[in-house]
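I set down each point as I looked it up.

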Amino acid sequence: MYVVETENLTRIYGSGAAQVTALDHVSLHVDTGEFVAVMGPSGCGKSTLLHLIGGLDRPDEGMVRIDGQDLSALNDDSLTDLRRERIGFIFQFFNLIPTLDALDNTALPLVLGGMKPAEAQSRAADWLEKLEVADRKSHRPDELSGGQRQRVAIARALVTEPSLILADEPTGNLDSSAAGDFATLLRETVDRWGRSILLVTHDPRISSYADRILQMKDGRITEETRNNIDRKAVVVEDHHA
Amino acid sequence: MRELPLAISYLKGRPIRSIMTILSIVIGVMIMFGLNGMAPAFQDLFRSNMESVALSNVDLYVTRTDGSFFRQEYVQDVSAVQGVESTTAMIVQSVSLPPEHYQTPDGIDVSTIQVYGIDTSVTDEAFNVMTAGGRRLLTGRLLQPGDTGLVVLISEVFAEGLGIGVGEVVKLPGAGGWVPFEVVGILDDPGLLLGNQQVFMPIEAAQDLLNKPNRVNIIMGRYAEGSDAQAIELAMRSMFSRGYELSPLEGGADVWSALLEFMNVIFTMFGLLALALAGLIMFNTFRTSVVERRRDIGMLRAVGAKRRVVMRTILYEGLILAVLGTVLGMLLGVAFAYGARAGLGSIFETLMGGTIGKPRFEALTFAVTIAFGLGVPLVSVLLPARGASQVTPLEAMRPTTVDQEKAVRRSRLIIGLISLVLGVAGLISGIFQLMALGMLIFLLALGLLGPLVISPITSFFNRALYLLFGQEGGLAAGNIARQPRRAAITTTSLMVGLAILIGLGGMLGSVYGGALRFLDASLRSDYILMAGGLVVTNDTVGADPDLAETVRRMPGVEDLTTMRQVDVLNEDGIGVRLIGIDPPSYGRIAGLSFIEGDKSAFERLQGGNEVIVNGRYASQFGVSVGDTITLEGDHRLIDMKVAAVGLDYLNMKLPTVYMDQAVLSREFGVHNDVLILVNAEPGVDREDLEEDLLAAIETYPGFGIISREQLYASQKQVARSGTIGMNIILALLAAPALLGLANALGINVIERTREIGMLRAVGAKRRQVRRMIVAESLLLSLVGIAFGITSGLLLSVVMTGILEFAGLHIPYSFPGVGLLTSIAAGLLCGVLAALIPARRASDLEIVSALAYE
Ligand SMILES: Nc1ncnc2c1ncn2[C@@H]1O[C@H](COP(=O)(O)OP(=O)(O)OP(=O)(O)O)[C@@H](O)[C@H]1O
Ligand SMILES: [Mg+2]
């Protein structure tokens, strides 16, 4: 079973002359423990694809399955539950709630899921530790650097131990060395913690960390390439065990 | 002018918010404009009878401060003064009628007859008293020189109500009974107080009727051309020193003048508070809007807009909203004034026997409303606009768009504390203008200090919220605690609204509750026989002691006590009321609510040199038990020692002295009873007794009888009628508070659109978002309630105090029920105000919320 599977995914914006087919019958899949990058020119439908897979938006046609679960069969609440438990999001901007500190931001999905704040915070602290921003845990987003913010965002995406991480140009506002660090972190996420990642990026250096690259154009997937990454012998810690 | 289109495009881009903001201004302006438009009509109503005496060509009026009588010979003394060309003497005196005795065709009860005694030998045209102050004669004739007998001019409604015409007879109540007068002329209707009928008669007839031989209460004079007015006044002052007024009649201790003053005070307060509220809402809206647009503004600056341009853009936005709000508000204000007239008119007619005129919008009302309607919003926008102009181009590059609150500054604390002190000082200053100002400063101080205390208060309620709302409650509390300033501003509108509600409610509660309590304490008898009405004035024609004797011997009467009264001057030359009581029976049947001293004081009155003063007297002249007061007796000054301070229902608004009837008759020559309180024997046939009592008062004109039950019912009715009007206005004031809260909460949601989108993306359900917003609102409401109650209680104490200046001494009573109602209303407001924003927040489409700029 794939972590993500889409069939003929189609999203049309607007109507009449102003109609835009942002996504045109896209079918793809992402394996467990696979890191997939989506690339393509601006406006080709990458974000739209991610939104549909993440259940943030509903397709006009086609379907999305997450861990075999058809999203169209879910009502808003169950969709939300699924999103919280199985998907972690990382956006380009505005990942974090400005009024919450790093720790509370990280703990947010757990708290929303009904976990006791104390426990949620201790788990969040663990992840901040793993992502090496533990010393910044009581800082608010505006007191963090761009790279630190994205680390906190990853921590937040991982804290519920989701099977899938969706990231939309997460390195868009990072300098190249920070972007490199970030990509390494994502790679580690896949290799050490066994997560799957679907990432949108313009940056070939980032996509070079992926197992597979999908090229998009005008709402379609036009090309698929596999990277032959020299996988280091990393022990995979299975948190689900 | 390139800012204007920019400003308009911003306003159009946020239509809901713009409308909410306009609405808040509309309500403030509406209340201010509407109430001020109504005020002149009310003033006319109250003044109509007072001013009817003041004639335009008269230079000099001599009256006693309390309106009492003096010797007619003084006219000659005035005439003798160099420069006084002509003089005349006059009597203006109200006489109460028993209820439902005379009525106008419209069923308005004529409760008082205002007797004008006119010197018919007067030749000077300046005193157009002969033409009844310029009133139009409809039929018959005016008074003529040589008229000295029992002839009278009455008004048309009065004549129609009586069903009589010229040449027929009207009976008027006098000191010796009902006196028949021949109607010689019928005048057009007087001003507005139809329940107070003016009748014009020769001065001799008036003196007969009132049993005041050779006495008058007004002397008027006209100066010779080119005479030295100052010199004349100096001469007059030496002639009429203490206790006299040398200006047009001011109505003395008139009930209506006190009421009028009180109403003006309340109207002004309402308008000010409503606009302050609008200002607050405006400030909040713009502050948020600026914060939200930081990136836009930064961008503008980056592409070359000067600070000035940014500032002007925001000011234009404020101006556009202010203009729209003010215009709309004024239109609605007119509607409001007419609506209020329609709604309150009937109440006033039954209460006061008058009709309210049409609302009148004077130039000053326009000027003040426009000044405040535009000024308050503009001032409120000034700070946010300045904030906007300080946004750096760099802000455009920053990813976060939400207000980054800095630690609360020390200067804020200091300014807040200073304002608090100033505000409280103003509130307790005792000067109305300062009190109103103090109130505004006080509210400002709360706004400034709010953020400082909001975190502690939030954490105080945090637990409860957590229990009630679970995780979402915790989140909500977190949101608030982290943005104390925003929270403080949000709560302020609710706080101000509640403060007004509790303040006014508490005051009204004190008035009505207190009044009924006094009524209970001071009039416990089964029946009250009274001369005229309950509000006894100096001119009330009393009954000789025979009446009391007759009643005492009546079968079925267990006990009775009588009261007499006269108004005299005290050592300060100020009119005070003396009430003569029979201490033992008064203590049994009536009684006082004692502030200082106790019942034992009644015994000490019988010694003849001690008195009880009421609270008004004590506070006005600063006396307390053991002090000595001096009163002007008939032929000498009398010193009396204060044995106690107490209150009764009928006399709480005037400085009053209670003394033994023996002293009153010895020193002041008053022998007649104005009130007789009667207790029936248990088990006696009430109907028989009532019949006997009615028979006994038959020969005493102006005497009426009212049972305890009737009295209660009628007083409660008065209280109720009064509260209806007030409640309407209260509700009107609560509306902007609700709107303000809804507005602030709505803006909070709009401001956090992306944040909410993100929350939903990472797994918050719609319900959770909704609950979070409602929880936030509830918490903010709780804080608003806590603040509102505190300031409201303070306000109500102060406003009750203000009443004292309007002549009502009322002990403050804690508005317990009002408090509970306010808490409930506040919480309800909080939830109601949150519903729409919460809906909006939970209905947000995640993708578009994330893309929200
Ligand atoms: N809400 C919308 N309404 C109308 N058209 C939209 C909407 N959102 C996206 N589009 C259009 O759909 C197309 C795909 O948009 P999308 O955001 O998915 O592009 P993208 O590949 O993420 O581009 P970029 O690399 O610039 O982020 C674009 O042509 C865009 O204009
Ligand atoms: Mg995109």
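Entry 1. I began with the pair α5(A) and α6(A), and found that α5(A) passes α6(A) in a right-handed crossing. I note at the outset that this is a predicted model. For the geometry, I read an angle of about 20° between α5(A) and helix α6, residues 176-193 of chain A, with the axes 11 Å apart. Angles under 35 degrees count as roughly parallel, and α5(A) and α6(A) are therefore roughly parallel to each other.

I then looked up which residues form this contact. From α5(A), I listed Gln150(A), Arg151(A), Ile154(A) and Leu158(A). They meet Asp181(A), Phe182(A), Leu185(A), Leu186(A), Thr189(A) and Trp193(A) in α6(A). Sorted by class, the contact of α5(A) with α6(A) has six nonpolar, two polar and two charged residues.

Entry 2. I turned next to the packing of α5(A) with α3(A). Helix α3 covers residues 102-112 of chain A and helix α5 covers residues 146-158 of chain A. Their axes lie 7 Å apart, at an angle of about 30°. I recorded α3(A) and α5(A) as roughly parallel to each other, and their crossing as right-handed.

On the α3(A) side I found Ala102(A), Asn105(A), Thr106(A) and Pro109(A), which meet Val152(A), Ala155(A) and Arg156(A) in α5(A). By class, I noted four nonpolar, two polar and one charged residues in the contact of α3(A) with α5(A).

Entry 3. I followed α3(A) to another partner, helix α4, which spans residues 117-130 of chain A. The crossing of α3(A) past α4(A) is right-handed.

The contact draws on Ala102(A), Leu103(A), Asp104(A), Thr106(A), Ala107(A), Leu110(A) and Val111(A) of α3(A). From α4(A), I listed Ala120(A), Gln121(A), Arg123(A), Ala124(A), Ala125(A) and Leu128(A). By class, this contact of α3(A) with α4(A) has nine nonpolar, two polar and two charged residues.

Entry 4. Which residues are around ligand 1? I found Tyr13(A), Val20(A), Ala22(A), Ser42(A), Gly43(A), Cys44(A), Gly45(A), Lys46(A), Ser47(A), Thr48(A), Glu169(A) and His202(A).

I then looked up distances from side chains to ligand oxygen atoms. For Ser42(A), a side-chain N or O atom is 2.4 Å from an oxygen atom of ligand 1. For His202(A), I read 3.2 Å between a side-chain N or O atom and an oxygen atom of ligand 1. For Glu169(A), a polar side-chain atom lies 3.4 Å from an oxygen atom of ligand 1.

Definitions and conventions. Residues are numbered from 1 along each chain as its sequence is written. Chains are lettered from A and ligands numbered from 1 in the order in which they are written. This is a predicted model: local features need pLDDT of at least 70, side-chain atom pairs count only at pLDDT 80 or more; totals for chains, interfaces and linings use all residues. Side-chain values use heavy atoms; hydrogens and water are left out. Axes are lines fitted to C-alpha atoms, for helices over the stretch in contact, and angles run from 0 to 180 degrees between N-to-C directions. Helices (H or I, at least four residues) and strands (E, at least two) are DSSP runs, numbered from the N terminus. Angles under 35 degrees count as roughly parallel, over 145 as roughly antiparallel, 65 to 115 as roughly perpendicular and the rest as oblique. A crossing is left-handed if the near helix is turned anticlockwise from the far one by less than a right angle, and right-handed if clockwise. Contact means heavy atoms within 4.5 Å. Ala, Val, Leu, Ile, Met, Phe, Trp, Tyr, Cys and Pro count as nonpolar, Asp, Glu, Lys and Arg as charged, and the others, Gly among them, as polar. A residue is near a molecule or strand if one of its heavy atoms lies within 4 Å of it. A polar contact is a pair of N or O atoms within 3.5 Å; within protein, one must be able to donate a hydrogen and the other to accept it, and residues adjacent in sequence count only if both atoms are side-chain atoms.
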